[in-house]
Amino acid sequence: MEALTTAAGALVLVGFMGAGKTSSARALAAQLDCQPLDADHEIERRLGEPIESFFDREGEAAFRAREEEVVLELLARDDLRVLALGGGALASERVRDALRPHTVVHLEVDPDDAWRRASGKGRPLARDASRFRELHEDRRALYDSVADVVIPPGERGGAVRALPALRALADAPAGTRLVWASARSGDYPVFVGRGLIASGFAYPTGGRRFVVTDENVAGMHRVAGDAVAAIRAGEAAKNLASAEWVLRRMAVAGIGHDDLVVAAGGGVVGDLAGFCAATYQRGIRHVQVPTTLVAQVDSAFGGKTGVDLPEGKNYVGAFHQPSAVIVDPSALETLPAAELAAGYAEVVKTALIAGGRLWARVRAGADPDEAVILGCLRTKLAVVAEDERDSGRRQVLNLGHTVGHAIEAATSYSRYRHGEAVGIGLLAALRLSGRDALLDEVTGLLGARGLPLKFEGPSAAEVAELVTRDKKRRGGRVPFVLVQAPGEVTHGHDVADEELLAAIEEVRA
Ligand SMILES: NC(=O)c1ccc[n+]([C@@H]2O[C@H](COP(=O)([O-])OP(=O)(O)OC[C@H]3O[C@@H](n4cnc5c(N)ncnc54)[C@H](O)[C@@H]3O)[C@@H](O)[C@H]2O)c1
C-alpha cells in the first residue's frame, strides 16, 4: 500500500456543487489504496433520509447544524485519508478550523457547468439560476480562503494527475500552495510559497538540473542545480547569441533528455532558457523559477518562449510548457523598486482582464503581495487553458502590449523596461477603448507607483509604423485588444490608423 505523504493530514476535497468531489475522491482513494469518505453520504446515513427532504422540512439552519456535527467528527478521525466535503460545510468557522491539519483541495467548477450538473435534481440550493450564480461566487472566495491546492475548472482528472505534486508539498515550506495549470499540450504544478528557493525545493526530481540565470540573480539567489550558466542581465541579452552560448554550455555539460533546464530569473531568463529547453535536442523539460514580479504574475506561465531579433521582439520562439513553476514571493525582496514598479503594470493589466475580486484589490491600491500574485497567475493560467496557441482568447493577454512592444522596439529595447512600456501601452489601449473614467483610474494607479505615463524619444509616427509590424498582424491588419470594463476585455478589434496615431500621440511626452 502506498503511503499518503502529502503536506499534512488527509486530502479533503472542497468545491461547489457539480465540481466532481465525489468522483475525484474515489479516483484519489483508488490511487492511494484506501477508502474515500463522503460527508454528504455520511450525513444522509445518519439522518436516515435524503438531504433534500430534511432540508425542505427542517430548514437550512437545522441542516447546517447536523452537517457541522458530522463533518467535525469525520475530520477528527484517525483513519481519515480522503474526504469529499459538501459545498456548504465551510460556512462553519469550526469546520474551517478543523481543516487546518489537513491538505485542502479546491476543485473549481465553471458556474454554467455546475448549473447543468446540479439543477433539476431537487437540490435545495440549485433551484434558482441567478441565486445559484451568486452563491458560486461567494463560495469560491470561501474555498480559496482554506485551500492549499487549487484544481481549475474542466480538469476532472486533475486531482489524480496532481498527486505526485501533492506529495511534494510535504517537502515545501509551510504555507506553500499548489495551483494546477493545464493547457492542451500538457499540465503542470505551480508551487507558490515564501522560502521555496532558500529551502532548495526541487520539482520534478530526477535527472540533472542545468540552471540558467543572469548575473544579477546569480549573486542573490541560490537555486539548486548541478550546473549553472549566467547570461548578462537585461533585455539586450535575450538574443540568439546568448541562446547559442547557453545551448553549447548544455552540450558541454552533457545534458540529455532525462535532465531539466531550470530558468531562475526574470522574464528574460525565463523566455531564453525556455527557448533553449524547447530546441535543445528537439526539446527537453524545463522548470521556471521566476524572480521578478513580471515573471511571477505573467511570463513564467503559459509556455511562450523565445528571443528577440534586432528586427523585432520575440521574433524567434516556440511554445513549450514548463514541467513546473516554482514561485517564491520572497525573491522579490531583493528586486529594485523600479523593477517592482514595472511588474506592477502587468498586475494592473491582468486585474483588468480578471475583473471581480482581483480588480477590486488592485484598484484599492493593494501591494503585489502573495494574494495578488496568486490572483494574477490564476487569471493567466485560466486564459491559457482556454487557448494555448494564441488563436483566440489568449490574445487578451496582449492588452497594452501592441503599443508597448512598439515603444520598446522604437527605443532599441534599452530606454524602457518591458513593464514600463506595457504601462504606457495600457493607457493607449484604454484611450482606444474610449473608457475615459477607467483611463483616469489606471493613470492614477500607474502614476502612484512612479511608472512613466508617457514615452520620450521617437515620434508617434515611428511607433505607429512599428505597431503595423507587430507579429500578431493578420491579413495586413493588427488586431487590438480593447477594454469594455474590468473583466470584459476582448480581442480582434480593428482600429483606424488616425485613431491609433492620436492615441500614441497622447502618450508621447
Ligand atoms: N513569455 C511570456 O509569456 C512573457 C510575458 C511577459 C513578458 N515576457 C518577457 O519578459 C521580459 C521582461 O521580464 P522582466 O521584467 O522580469 O525582466 P528581466 O528578466 O530583465 O529582469 C529585470 C531585472 O531584474 C533583475 N532581477 C531579476 N530578479 C531579481 C531579484 N529577485 N532581485 C534583484 N534583481 C533581480 C534582472 O537581473 C534584471 O536586471 C521581456 O523580455 C518580455 O518580453 C514574456
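A polar contact is a pair of N or O atoms within 3.5 Å; within protein, one atom must be able to donate a hydrogen and the other to accept it, and residues adjacent in sequence count only if both atoms are side-chain atoms. In this predicted model, 4 residue pairs, both members at pLDDT 80 or more, are in polar contact between domain 2 and domain 3. The protein chain is divided into domain 1 (11-171), domain 2 (190-335) and domain 3 (388-506).

**Interface of domain 2 and domain 3**

- The centres of domain 2 and domain 3, taken over C-alpha atoms, are separated by 27 Å.
- Contact across this boundary involves 12 residues of domain 2 and 11 residues of domain 3.
- Together the two domains bury about 1,100 Å², of which 51% is on carbon and sulfur atoms. On the domain 2 side, Lys304, Lys313 and Phe319 supply 45% of the area buried against domain 3, more than any other three residues.
- The rule finds 2 salt bridges across the interface of domain 2 and domain 3. The side chains of Lys304 and Asp390 form a salt bridge, with an N to O distance of 2.7 Å.
- Strand E12 (304-309) and strand E13 (312-319) each supply at least two residues of the domain 2 side that touches domain 3. The largest share of that side, 5 residues, comes from E13.

**Nonpolar cores**

- The largest nonpolar core comprises 74 residues, and Leu83, Leu85 and Phe191 have the most contacts inside it. Helix H4 (residues 60-75) gives the largest share of this core, 6 residues.
- Because domain 1 (11-171) and domain 2 (190-335) both give residues to this core, it lies between them.
- Another core, of 72 residues, lies apart from it and includes Leu335, Leu381, Phe455 and Val467.
- Leaving aside residues up to four places away in sequence, Leu83 touches Leu11, Val12, Leu13, Leu37, Asp38, Ala39, Leu74 and Leu75.

- Gln321 is placed in the loop between E13 and strand E14 (324-327).
- With a relative accessible area of 11%, Gln321 falls under the 20% cut-off and is therefore buried.
- A polar atom of the Gln321 side chain lies 2.9 Å from the backbone oxygen of Gly302, and a polar atom of that side chain lies 3.4 Å from the backbone nitrogen of Gly303.
- Residues touching Gln321, not counting those up to four places away in sequence, include Ala183, Ser185, Tyr188, His286, Val384 and Glu388.

**Salt bridges**

- The structure holds 38 salt bridges.
- In helix H2 (residues 39-47), Glu42 and Arg45 are 3 residues apart, about one turn of the helix. Their salt bridge has its closest N and O atoms 2.6 Å apart.
- Arg46 also forms a salt bridge with Glu42, with the closest N and O atoms 3.3 Å apart; these two residues of H2 are 4 residues apart, again about one turn of the helix.
- Glu42 counts as buried at 12% relative accessibility, Arg45 counts as exposed at 59%, and Arg46 is partly exposed at 33%.
- The side chains of Asp298 and Lys349 meet in a salt bridge at 3.1 Å, N to O. This pair links distant parts of the chain, with Asp298 in helix H13 (residues 293-299) and Lys349 in helix H14 (residues 337-354), 51 residues apart. Both Asp298 and Lys349 are buried.
- A network of salt bridges links Glu235, Lys238, Asp271, Asp308, Lys313 and Glu408.

Notes:
Residues are numbered from 1 along each chain as its sequence is written. This is a predicted model: local features need pLDDT of at least 70, side-chain atom pairs count only at pLDDT 80 or more; totals for chains, interfaces and linings use all residues. Side-chain values use heavy atoms; hydrogens and water are left out. A nonpolar core is a set of buried Ala, Val, Leu, Ile, Met, Phe, Trp, Tyr and Cys residues joined through side-chain atoms within 4.5 Å. Buried means under 20% relative accessible area, exposed over 50%, partly exposed in between (1.4 Å probe, protein chains only). Domain bounds come from an automatic or database domain assignment. Contact means heavy atoms within 4.5 Å. Buried area is the accessible area (1.4 Å probe) that two parts lose on being put together, summed over both. A salt bridge is a side-chain nitrogen of Lys or Arg within 4 Å of a carboxyl oxygen of Asp or Glu.
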